[in-house]
Amino acid sequence: MTTTPLAFLKGHGTENDFVIVPDPDNAIELSASAVARLCDRRAGIGGDGVLHVVRSAAHPEARDMAGEAEWFMDYRNADGSIAEMCGNGVRVFARYLEHAGHITAGEIAIATRGGVKRAHLEKTGDVTISMGRARLPEDGVTVTVGDRSWPARNVNMGNPHAVAFVEDLAHAGELRSEPPYEPAAVYPDGVNIEFVADRGPRHVAMRVHERGSGETRSCGTGACAVAVAAARRDGADPAATGTPVTYTVDLLGGTLTITEHPDGEIEMTGPAVIVAEGRIDPAWLSGNATA
């Protein structure tokens, strides 16, 4: 780890918040423990995850995407584990690139472990992300909280989701720890679990336990998974009707608009804000700082 202070920024999308670490040349080794220190809300900066900003050509997991997307979102969960995708994170990542002068408002391609995602940025206001297509594996699970259980729809948005429809979001419990589900073998690498309640026609509210982070104020891929699961539950399939379907999804931190198109492409629209910049003491980050 370098002895030079490291730059960081803080941003959020519908209150799903992130520590942003610019590192174009992939020169910073972010261990799981370092990520956890950054995301610690009492002893660190605090966040639901880390957005490690790297040029695709400089990262072994993204070099194959460098011709399509200059920048790679090396996303880490709050516990330091690596994740395939983060929808709110992509919006904040795009906003950071514009904030730093790497891009201008308009269209941008971003490489992720879940594939290349395309963003459209307004100079101010919302960011729209093309999130790709949902996969709907046949095998689902049963999620249990206390003495209540619900069937959960398996939806994959480049990362795994289990979507359960409930009468009251309070039935989801505290969500700091992962709700148990069976059969566990359906999600060998863990899963994001969404609890969903209806608010009106094509309007739902959700709470989410994100693997590696606990309950978060928002989850972009989760909102997409919820919209797709709600559409199928409601008998709507754009591929069959040729008509896009849009759902409004309320989260604890705000509202996202999710549209599924007839070709299967899903678009997510919502805010993305950079709120602070600073510098990190590398000795503290490595755990070598003296008390």
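Predicted model: local features only at pLDDT ≥ 70, side-chain atom pairs only at ≥ 80, totals over all residues.
How far apart should the end C-alpha atoms of helix α3 (residues 220-233) be at 1.5 Å a residue, and what is found?

**Helix α3**

Select residues 220-233. The 14 residues of α3 should span 20 Å at 1.5 Å a residue, and the end C-alpha atoms are 20 Å apart, so expectation and model agree. Colour the helix by accessibility next: twelve of its 14 residues are buried. The buried set comprises Gly220, Thr221, Gly222, Ala223, Cys224, Ala225, Val226, Ala227, Val228, Ala229, Ala230 and Ala231. Just after α3, centre the view on Gly235, where phi is positive at about 80°. Then select Arg233 together with Phe165: Arg233 lies over the face of the Phe165 ring, 4.4 Å from the ring centre.

Move to strand β10 (residues 160-165), which holds His161. The relative accessible area of His161 is 0%, so this residue is buried. Display the side chains of His161 and Thr221, which make a polar contact at 3.1 Å. Thr221 is one of the buried residues of α3. Beyond the neighbours within four places in sequence, the contacts of His161 include Gly222 and Ala225, as well as Arg153, Tyr187 and Glu194.

**Aromatic pairs**

The whole structure contains three aromatic pairs. Select Trp150 and Phe195 for one of them: the ring centres are 5.7 Å apart and the planes meet at 80°, so the pair is edge-to-face. Trp150 belongs to strand β9 (residues 148-156) and Phe195 to strand β12 (residues 192-200), so this pair ties together parts that are 45 residues apart in sequence. Trp150 has a relative accessible area of 10% and is therefore buried; Phe195, at 0%, is buried as well.

Now select Tyr181 and Tyr187. Their rings form an edge-to-face pair, with 5.8 Å from centre to centre and 80° between the planes. Tyr181 is buried at a relative accessible area of 10%, and Tyr187 is buried at 5%.

For another ring, select Arg37 and Trp284. Arg37 lies over the face of Trp284, at 4.9 Å from the ring centre.

Turn to strand β2 (residues 16-22). Is this strand largely enclosed or left open by the rest of the structure? Six of its seven residues are buried, so β2 is largely enclosed. On one pairing, strand β1 (residues 6-13) runs antiparallel to β2 over five bridges; Leu9 stands opposite Ile20 in β2. Two residues separate the strands in this hairpin, where Thr14 adopts a positive phi near 45°.

Next, show β2 with β3. These strands pair in the parallel sense over five bridges. To locate a bridge, select Phe18, whose partner in β3 is Gly49.

**His59, the last stop**

Is His59 buried or exposed? With 7% relative accessibility, His59 counts as buried, because the cut-off for that class is under 20%. Show the residues around the side chain to finish: leaving aside neighbours within four places in sequence, His59 is in contact with Asn26, Val54, Phe72, Asp74 and Arg113.

Key
Residues numbered from 1 in each chain as written. Heavy atoms only, no water. Helix = DSSP H or I, 4+ residues; strand = E, 2+ residues; numbered from the N terminus. Expected span 1.5 Å × (residues − 1). Buried < 20%, exposed > 50% of the residue type's maximum accessible area, 1.4 Å probe, protein only. Phe/Tyr/Trp six-rings, centres within 6.5 Å; stacked < 30°, edge-to-face > 60°. Lys NZ or Arg CZ within 6 Å of the ring centre and 35° of its normal. Contact = heavy atoms within 4.5 Å. Polar contact = N/O pair within 3.5 Å; in protein donor to acceptor, adjacent residues only side chain to side chain. Pairing = 2+ DSSP bridges.
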